[in-house]
Amino acid sequence: MGKDNVPFHTVMFPSTLIGTGENWTLMKSISVTEYLNYEAGKFSKSKGVGVFGNDVRDTKIPAEVWRYYLLTNRPEVSDSLFTWVDLQAKLNTELLNNLGNFINRVLSFIAKAPGLGYGSSIPDAPGAESHYLTKALAEKVGTYLEQYIEAMEKVKLKQGLKIGMSISSEGNGYLQESQFWKLYKEDRASCSIVMRTSVGLVYLLSCLLEPFMPSFSLEVLKQLNLPPETRLSLCDENGDLERARKPWELLPAGHKMGTPEPLFNELRDEDVEFFREKFAGSQADRVVKAEAEAKKIVEQLKEAKISDGNGKKQKSTKSGSEVQIKKSCKSEVSISRLDIRVGLIKEAQKHPDADSLYVKEIDVGEVATRTVVSGLVKHVTLEEMLNRKVCVLCNLKPATMRGVNSQAMVLTASDKNGTKVELVEPPHSASVGERVTFPGFEGKPDRVLNPKKKIWETLQSDLHTDAQLFAFYKDVPFTTSAGVCKVKSISNGVIS
């Protein structure tokens, strides 16, 4: 807990319990931290200063990266500071180049075909205890394990995590010094000792780091082809601690591994700059800024509609956009019934049974991605599709298209002849999963649109792009917290 809560939990509340005269269990120890500050100031939930849960989700930086960074930066002794540059450095240097590199080197080498590796089978390693490099490594690992257990029992989480990462560093040094790639050709028996010991270290790391990065641990166990319940408890009674001192004995020879995959991705400089700018100031400031920008664009669009081609002002009458919005709001079929969200295309491939269709996996802010089938093969390349933000209609009734169940629809704009088609795109900084709204139209969307009532068909006839390439429902723009949605080049097009 934060240091400001110490007086209540150590004096006031225990005094209250004692004062009742009843036999309550009293606190024996407490883990307290100092403050974690943000960039140049302090985190403040009330003022919205800093990066909070919804912001963390929107960055798409994996949860284990956030957990690792915040735990290594845990203010156990003095105040510490969150900065985006420091987050980048710890991810790229410690997680990617140290931990991820060690695990991937070991598993990838073992997974290579016989003649190049071990065909995904863990090799036998007789004589490991007398192998000089392996013996020296085992002694270091044993010392680190004792330090790890002591730190965790004292709730020194930051220290425990640091010790776990030190074992990974020892593993990298062990690989490099052994020159296993040469041993494989020159001394296969020694190479097998190094590989079996290293894969044992990989397993040990998945156990030691599980309290800090549980999703990381599960992924490593998956790549090792081991069930989650096989984790070491490091309990003397079970003999786990003694086994851990001999990493070459942790996994049986002949065990068949799963498929190795990279565990972490690099955080680039341009990503860091983007996040620093996006989360600068308070959350309240961000919302006000986004709303002001969206309002400014709407006003500019209205102003453009008031003037004719000669630049002369036309009379603004009650038949303008304001009246249209009010009339539409009273209409039985409101645009608010559509659940249009900002989506991010994570995967895309051609339909196995239809050359003109794509099958995409799109993140729309839910636990799992949605599978979406669309006929865009002739208009958008696969390379242009991947990692692109799009507008997704999420409450159409799912439909099977050539054997694949499509769970949503990507909105596109086409010219009058239907020969040119483009994606309707939200602003780059729009949050994945946020709802696309229409100013003046309030209300929750239908859970699923009833196809018999033709709600989508009725509303779709009023969806279009204007001369400035913005997307509209009648005279109201597709709006996100980051601004208005638009297309690349199709003006006065039809959106469907």
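This is a predicted model: local features need pLDDT of at least 70, side-chain atom pairs count only at pLDDT 80 or more; totals for chains, interfaces and linings use all residues.
Trainee: What percentage of the 496 residues in the protein is buried?
Mentor: Start with the overall layout: the protein has 15 helices and 18 strands. These are DSSP runs, with at least four residues (H or I) for a helix and at least two (E) for a strand, numbered from the N terminus. Among the 496 residues, the buried share is 45%.

Trainee: How far apart in space are Val202 and Phe102, C-alpha to C-alpha?
Mentor: Val202 sits in helix α8 and is buried, at 0% relative accessible area. Contact means heavy atoms within 4.5 Å, and beyond four places in sequence Val202 touches Phe102, Ile103, Val106, Leu107, Val220 and Leu224. In sequence, Val202 and Phe102 are 100 residues apart, but in space their C-alpha distance is 8.1 Å.

Trainee: At what angle do the axes of helix α4 and helix α11 cross?
Mentor: Two packed helices are described by the angle and the distance between their axes. Axes are lines fitted to C-alpha atoms, for helices over the stretch in contact, and angles run from 0 to 180 degrees between N-to-C directions. The axes of α4 (residues 84–111) and α11 (residues 269–278) come within 9 Å, and they cross at roughly 150 degrees.

Trainee: Is the crossing of α4 and α11 left-handed or right-handed?
Mentor: Look at how the near helix is turned from the far one by less than a right angle: anticlockwise is left-handed, clockwise is right-handed. The crossing of α4 and α11 is right-handed.

Trainee: How many residues of the contact of α4 with α11 are nonpolar?
Mentor: From α4 come Trp84, Val85 and Gln88, and from α11 come Asp269, Val272, Phe275 and Arg276. Ala, Val, Leu, Ile, Met, Phe, Trp, Tyr, Cys and Pro count as nonpolar, Asp, Glu, Lys and Arg as charged, and the others, Gly among them, as polar. One residue of the contact is polar and two are charged, while the nonpolar ones number four.

Trainee: What kind of pair do the rings of Trp84 and Phe275 form?
Mentor: The whole structure holds 16 aromatic pairs. Rings of Phe, Tyr and Trp (its six-membered ring) pair if their centres lie within 6.5 Å; planes under 30 degrees apart count as stacked, over 60 as edge-to-face and the rest as tilted. With centres 5.2 Å apart and planes at 25 degrees, the pair of Trp84 and Phe275 is stacked.

Trainee: How many residues apart are Trp84 and Phe275?
Mentor: Both Trp84 and Phe275 are buried. Trp84 belongs to helix α4 and Phe275 to helix α11, and this pair links distant parts of the chain, with a separation in residues of 191.

Trainee: And what kind of pair do Phe109 and Tyr118 form?
Mentor: Phe109 and Tyr118 are both buried. Their ring centres are 6.3 Å apart and their planes stand at 65 degrees, so the pair is edge-to-face.

Trainee: How many of the ten residues of α3 are buried?
Mentor: The buried ones are Glu64, Val65, Trp66, Tyr68, Tyr69, Leu71 and Thr72. They pack against α2, β3 (80–82), α4, α6 (157–178) and α9 (214–224). Helix α3 is largely enclosed by the rest of the structure, because its buried residues number seven.

Trainee: What is the phi of Lys60?
Mentor: Lys60 lies in the loop between α2 (53–59) and α3 (63–72), and it is partly exposed at 35% relative accessibility. Lys60 is not a glycine, although its phi is positive, at about 65 degrees.

Technical notes. Residues are numbered from 1 along each chain as its sequence is written. Side-chain values use heavy atoms; hydrogens and water are left out. Buried means under 20% relative accessible area, exposed over 50%, partly exposed in between (1.4 Å probe, protein chains only).
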